[in-house]
Amino acid sequence: MQTAELMILDWIQTHFRCEALDTALTFISRLGDHGEIWIVLAAVLLVVRSCRRQGAAVSCALILDLVACNILLKTLINRGRPFLLHPELPLLVPPPGDASFPSGHTAASFAVVFALKGCGSPLWKPALALAAVMAFSRLYLYVHWPSDVLGGILLGAAA
């Protein structure tokens, strides 16, 4: 399976890698470092009186995701990242020091999407667009396996 996943990552590098995407996808990926963009969204929703229910749902989803993803699964599975197999490939971001599975950026992003959708908030659509691009960015940046991203999507949905 890892060979097929490596082929996907290498195909992305061969067919999509360009300066514009290097800049854009690095920026989008950094929005998800430590969940900042989603934490800010939760805080804004909690402050706006008419959106507090959505803010509470997003906050709860992020907390559940943090525990399940970063504290439990990454520690238990302890999967190596793909860039470790290709040290000659220049990374566009600092190499993450934690385990690869599941993708925390993807899990947090999709936890927010599903929390917003569950609350009936129209914000789930732009959140989905950002979450999808962020998930792709993790593959593009060569820091996650495709199954890490898929696992992140499923974990986010569960959270």
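1. Basis of the note. This is a predicted model, in which local features need pLDDT of at least 70 and side-chain atom pairs count only at pLDDT 80 or more, while totals for chains, interfaces and linings use all residues. Residues are numbered from 1 along each chain as its sequence is written, and side-chain values use heavy atoms, with hydrogens and water left out.

2. Overall fold. The chain has seven helices and zero strands (helices are DSSP runs of H or I with at least four residues, strands are runs of E with at least two, and both are numbered from the N terminus). The radius of gyration is 16 Å, close to the 15 Å that the globule rule gives for 159 residues, so the chain is as compact as a globular protein of that length (the radius is taken over C-alpha atoms, and the rule is 2.2 Å times the number of residues to the power 0.38). Along its principal axes the C-alpha trace spans about 50 × 35 × 25 Å.

3. Of the 159 residues, 43% count as buried (under 20% relative accessible area, with exposed meaning over 50% and partly exposed in between, for a 1.4 Å probe and protein chains only). Of the contacts with a separation of 6 or more, 79% come from residues 24 or more positions apart (contact means heavy atoms within 4.5 Å).

4. Helix H3. Which residues of H3 are buried? They are Trp38, Ala42 and Leu45. Seen down the axis of H3, its buried residues fall within an arc of 65°, so they line one face of the helix (the arc is that of the directions from the helix axis to the C-beta atoms). These buried residues pack against helix H4 (52–77), helix H5 (104–118) and helix H6 (124–140).

5. Ser103. This residue lies in the loop between H4 and H5 and is buried, with a relative accessible area of 0%. Its side chain makes a polar contact of 2.9 Å with the side chain of Thr106 (a pair of N or O atoms within 3.5 Å; within protein, one must be able to donate a hydrogen and the other to accept it, and residues adjacent in sequence count only if both atoms are side-chain atoms). Beyond its neighbours within four places in sequence, Ser103 touches residues including Cys69, Arg138 and His144.

6. Asp22. Helix H2 (residues 19–31) holds Asp22, which counts as buried at 19% relative accessibility. The side chains of Asp22 and Tyr140 are joined by a polar contact of 2.6 Å.
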